[in-house]
Amino acid sequence: MVMVKFDSRWIGEHGIGRFAREIDQRLNFPSLNMNGNPSSPLEPLRLFLFMLFQIGKVKAVFSPGYNAPLFFLRPYIFTIHDLNHIDRPENSSVMKRLYYRLIMRRACIKAYRVLTVSEFSRNRIATWAGIDIDKVINVGNGVDGNYHPDATPWNPGYKYFLCVSNRKAHKNEIRVLEAFLLSKIDVNVRLVFTGNENESIRRQIEALNLSKRVVFTGRVPEENLPGLYTGSLALLFPSLYEGFGLPVIEAMACGIPVLTSNTTCLPEISGDAAILVDPESVSEIAGGIRDLFYNQKLRIDMRDKGIVQAKIFSWDKTAEKIKSVIDNI
């Protein structure tokens with residue numbers, strides 16, 4: 001394999017961080033050994049200067065995230081997981097749009113290859129950047145072996161639907177709350193969100209009189225996530241926008257049913273193994289919650305299909321696809 005240095009600064013607890021960690025563990029690239037935040041506005045200049053003066057006799061650089069140098073001195077491969085900051089106004093800003101227009105679009109043109117994680121993102125990136133779609137490679141994501149149906153379930157003493165999420169607006173949590181209330185299922189069933197509440201969602205919970213039925217777990221260590229899935233009735237993931245949607249296949253691998261959106265990449269990732277709803281329709285989400293709660297046959301069917309669907313995705317496959325791209329430099 002061509003000598004390539006890996007930007008390990010992306011390794012962390014977030015989605016890109018998990019992608020970076022899993023790939024690093026399998027391909028064991030030498031680290032770029034660069035300091036600083038790779039998503040900093042100054043990163044394009046800093047990365048260019050670092051590659052110019054300090055990188056040594058290396059033939060290529062691979063980043064698992066969306067950073068890119070101002071000028072390209074050697075083959076550079078980077079990863080755009082989605083165009084959330086372009087396509088979702090609530091996640092955008094003037095500075096983000098400028099960065100994508102001036103740095104990212106040019107980087108797509110100049111880079112050796114652009115990696116991404118779904119066909120939805122692949123097509124969207126090629127169209128947005130105005131590049132040949134063959135230059136954008138879908139390497140997918142994987143699901144860790146710790147996610148399986150026999151993981152010890154979390155047992156808080158009540159039944160619950162699970163939302164593995166954060167408080168970003170595109171996660172569509174307000175509609176999930178409204179749909180949970182509208183579903184009129186057993187009042188003893190709780191709605192559990194990962195992470196901590198913020199002021200916006202707290203106000204909505206109070207307005208809907210759901211304070212006694214909604215639980216926030218705080219930060220969940222990754223080793224505890226499989227049990228959080230297996231203990232739940234189902235995963236509710238009607239996101240407005242995803243480049244992949246890792247919780248979908250994690251939940252499936254753990255043997256629990258999934259409700260997710262019929263938009264962006266989510267039908268592609270979930271196949272026929274999930275209940276697909278219009279994420280902007282509270283009534284559709286509520287109907288899906290009712291079906292999952294009352295229809296045992298549906299839950300079993302979704303469980304069986306989901307376990308099969310999750311096996312399509314593995315970090316080993318993703319690593320092999322990345323290795324193939326690098327070998328062809």
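## Cysteines, pockets and a cavity

Student: What makes cysteine 265 count as buried?

Tutor: This is a predicted model, and in it cysteine 265 has 0% relative accessibility. Buried means under 20%, so cysteine 265 counts as buried.

Student: Good, on to the open spaces. What is the volume of the largest pocket?

Tutor: About 1300 Å³. Its lining has 46 residues, and the closest to the centre are His14, Gly15, Ile16, Asn166 and Lys171. The elements that give two or more residues to this lining are α1 (15-27), α3 (84-87), α4 (94-110) and α9 (246-253). Of these, α1 gives the most, with five residues.

Student: Which classes of residue line the largest pocket?

Tutor: There are 16 nonpolar, 19 polar and eleven charged residues.

Student: How many residues line the second largest pocket?

Tutor: The second largest pocket has 16 lining residues, with Ser39, Ser40, Pro41, Met95 and Tyr99 nearest its centre. Its volume is about 330 Å³. Here α4 gives the most, with seven residues, and α2 (43-53) also supplies at least two. By class, the lining has twelve nonpolar, three polar and one charged residues.

Student: What makes a space a cavity and not a pocket?

Tutor: A pocket is open, whereas in a cavity a 1.4 Å probe fits but cannot get out. A search of the whole structure finds one cavity of 30 Å³ or more. The largest cavity holds about 50 Å³ of space.

Student: Which residues line the largest cavity?

Tutor: Among them are Cys163, Lys171, Glu173, Phe193 and Phe237. At least two lining residues come from each of α6 (173-182) and β9 (235-237). By class, the lining has seven nonpolar, two polar and two charged residues.

How values were computed. Residues are numbered from 1 along each chain as its sequence is written. This is a predicted model: local features need pLDDT of at least 70, side-chain atom pairs count only at pLDDT 80 or more; totals for chains, interfaces and linings use all residues. Side-chain values use heavy atoms; hydrogens and water are left out. Buried means under 20% relative accessible area, exposed over 50%, partly exposed in between (1.4 Å probe, protein chains only). On a 1 Å grid over the protein atoms alone, a cavity is a set of points where a 1.4 Å probe fits but cannot get out, and a pocket is an open set with protein on both sides within 12 Å along at least five of seven lines; lining residues have an atom within 4 Å of a point. Grid points are joined across faces, edges and corners, and a volume is the space filled by probe spheres set on the points. Helices (H or I, at least four residues) and strands (E, at least two) are DSSP runs, numbered from the N terminus. Ala, Val, Leu, Ile, Met, Phe, Trp, Tyr, Cys and Pro count as nonpolar, Asp, Glu, Lys and Arg as charged, and the others, Gly among them, as polar.
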